[in-house]
Amino acid sequence: MTSPCKAHSADLPALLPTTRRGFLTAALTGAALTLTPMTFAAADSGTSTKTITGHLDPGAADFVYLPVDVPAGVNRISVSYTYSKPSVPSGLLSNACDIGMFDERGTDLQGKGFRGWSGGFRTEFTISASDATPGYLPGPIGKGTWNVILGPYQVSEQGMDYTVTVTLEHGPDGAPYRPQYPAQAVPGRGAGWYRGDAHLHTVYSDGKRTPEEVAAGARAARLDFMISTDHNTPASHGVWGPLAGNDLLILTGEEVTTRNGHYLALGLEPGEWIDWRYRARDKGFEDAAQLIHSKGGLVVPAHPYCPYVACRWKFGYGDADAVEVWTGPWTVDDESSVNTWDSMLVESARTNGRWLPAMGNSDAHSAPQVIGWPHNVVNAAALSHDAVLEGIRSGRSWIAESADITLDFTVKSGGKTAGIGERLDVAHDAPVTVTAAIGGVPNGVVRFITDEGQTQQITLPASGRGTSTWLTTAQLVAYIRVEVRHPKGDGTSGSGTEMGPNLPLGPMAALTNPIFLGSK
């Protein structure tokens with residue numbers, strides 16, 4: 001892959017001289033700023049420390065690179081940083097700055113030099129051959145130019161003052177780090193419906209749970225699989241091996257956090273890293289999606305209507321394999337995601353084109369966020385990497401708020417039956433019986449949704465169990481999907497057709513992918 005920005009390439013323009021502030025002034029090209037290198041003298045032992053200070057104005061580059069010329073004989077590099085956080089009026093953005101590291105192999109987009117990223121979660125990190133701060137990759141400290149990378153994604157109107165301190169330690173390397181990757185399949189688990197959360201964070205990015213705590217949380221939620229998706233780094237991949245088992249498949253991935261939205265790279269090869277240094281106006285996302293697909297992974301835009309800075313999805317859905325329409329406890333942005341997804345289903349039905357399955361994940365970072373709220377229930381040929389990803393890719397899945405909820409959704413006509421994610425190939429006027437059996441949602445509201453909108457609604461009893469049926473034809477309906485809602489805050493079911501300032505329905509308890517009717 002090639003970089004869309006010359007500042008990531010070897011042919012950088014000449015650097016400018018040092019300013020009166022003692023800061024290392026730099027050349028700005030595209031979306032990156034490269035500073036004058038920090039140099040260290042060679043040594044056989046001991047430590048060497050240097051510090052720079054600088055200032056960024058509003059509108060600063062997306063990424064600021066501080067080259068560090070590392071001499072031979074270094075066995076550990078440590079970095080710390082601070083930046084100003086001025087008070088700003090309500091409604092304006094204050095400063096926020098991420099940090100990461102590239103080694104002597106360079107900073108090219110999707111290159112080999114990546115050594116770690118901690119976003120804004122840590123103020124310091126260290127890397128050596130035998131260990132590294134979570135989020136960073138252990139390995140030898142090679143001679144050459146390393147780069148500290150700053151990501152000032154919010155700069156206040158006052159600008160951002162920052163300080164970076166780099167310390168080199170000299171001496172022989174320790175014992176090399178040995179990653180322990182998780183197995184890619186659970187033996188003896190054949191075809192079935194498997195529950196899994198595919199969006200989880202640990203202390204290896206901005207989560208507060210250790211991998212041990214995340215694995216324990218997945219088991220407590222009665223999940224069969226989970227996918228590790230720390231932000232912009234594969235550093236946790238090598239710790240999951242001992243935490244997986246015959247009761248829990250652990251797959252590796254990444255939440256790729258760009259300036260124009262986040263997406264999940266699911267099912268990456270253990271240790272595989274996906275670059276995030278591009279915007280929607282660049283070609284980086286298309287290249288990254290192609291790389292993920294070539295490795296057998298999935299591209300899933302995450303929380304597309306998240307209102308936080310840089311979270312809202314801006315890349316379109318042409319390269320996506322699914323879309324995360326439900327993230328954590330149900331909120332208004334999830335309503336928007338489901339509505340957009342449903343419109344895309346209508347478009348795919350109209351054009352006989354590819355349709356995009358829906359996913360739901362917890363995006364759990366720390367308590368009180370609940371692992372598995374929600375999660376995916378996937379029809380897979382086995383409890384394995386390939387089978388689970390294929391079940392998600394094909395839309396043979398539904399989303400549950402918890403493992404207490406059960407759902408069976410089918411359509412039948414003339415001896416033919418189809419389930420979630422499938423197509424019932426019938427004549428346009430043949431009668432089709434639609435059936436949804438639900439459990440675990442007391443007083444829940446079951447809705448049948450088609451390309452025309454809601455067509456059927458029933459309320460479940462206090463036991464939370466019930467069955468809803470409906471008769472239709474392929475002439476009337478291109479697809480059918482099911483939503484199960486909790487009652488509204490006032491205890492009523494809502495009709496789904498009310499207009500006004502309040503949400504017309506209660507929080508989601510379960511959501512299925514569609515079943516299509518008629519010949520394709």
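Arg396 is buried, at a relative accessible area of 17%, where buried means under 20% relative accessible area, exposed over 50% and partly exposed in between, with a 1.4 Å probe and protein chains only. Its salt-bridge partner is Glu422, with the closest N and O atoms 3.5 Å apart. Glu422 is partly exposed, with a relative accessible area of 31%. The two residues link distant parts of the chain, 26 residues apart: Arg396 is in the loop between helix 4 (385-393) and strand 21 (397-400), and Glu422 in the loop between strand 23 (416-419) and strand 24 (423-424). Helices (H or I, at least four residues) and strands (E, at least two) are DSSP runs, numbered from the N terminus.

The model is predicted: local features need pLDDT of at least 70 and side-chain atom pairs count only at pLDDT 80 or more, while totals for chains, interfaces and linings use all residues. Residues are numbered from 1 along each chain as its sequence is written, and side-chain values use heavy atoms, with hydrogens and water left out.

A salt bridge here is a side-chain nitrogen of Lys or Arg within 4 Å of a carboxyl oxygen of Asp or Glu. The count by this rule is 19 salt bridges. Three of them are listed here.

| Asp103 | Arg115 | 3.2 Å |

Asp103 and Arg115 form a salt bridge. This pair also links distant parts of the chain, with Asp103 in the loop between strand 7 (96-102) and strand 8 (114-119) and Arg115 in strand 8, twelve residues apart. Asp103 is buried at a relative accessible area of 1%, and Arg115 counts as buried at 4% relative accessibility.

Glu483 and Arg481 are both buried.

Helix 3 (residues 332-351) has 20 residues. From first C-alpha to last it reaches 29 Å, close to the 28 Å expected at 1.5 Å a residue; the expected span is 1.5 Å times one less than the number of residues. Its buried residues are Asp333, Asp334, Glu335, Ser337, Val338, Trp341, Asp342, Leu345 and Ser348. Among the elements that cover them are strand 18 (323-327), strand 26 (445-450) and strand 29 (479-485), contact being heavy atoms within 4.5 Å. Asn352 follows helix 3 and has a positive phi, near 55 degrees.

Rings of Phe, Tyr and Trp (its six-membered ring) pair if their centres lie within 6.5 Å; planes under 30 degrees apart count as stacked, over 60 as edge-to-face and the rest as tilted. The count by this rule is 19 aromatic pairs. Trp273 and Trp276 have ring centres 6.0 Å apart and planes at 80 degrees, so they are edge-to-face. Both are buried, and together with Phe102, Phe114 and Trp117 they form one aromatic cluster.

Phe448 and Trp470 make a tilted pair, because their ring centres are 6.4 Å apart and their planes at 35 degrees. Phe448 lies in strand 26 and Trp470 in strand 28 (residues 466-472), so the pair ties together parts 22 residues apart in sequence. Phe448 counts as buried, at 0% relative accessibility.
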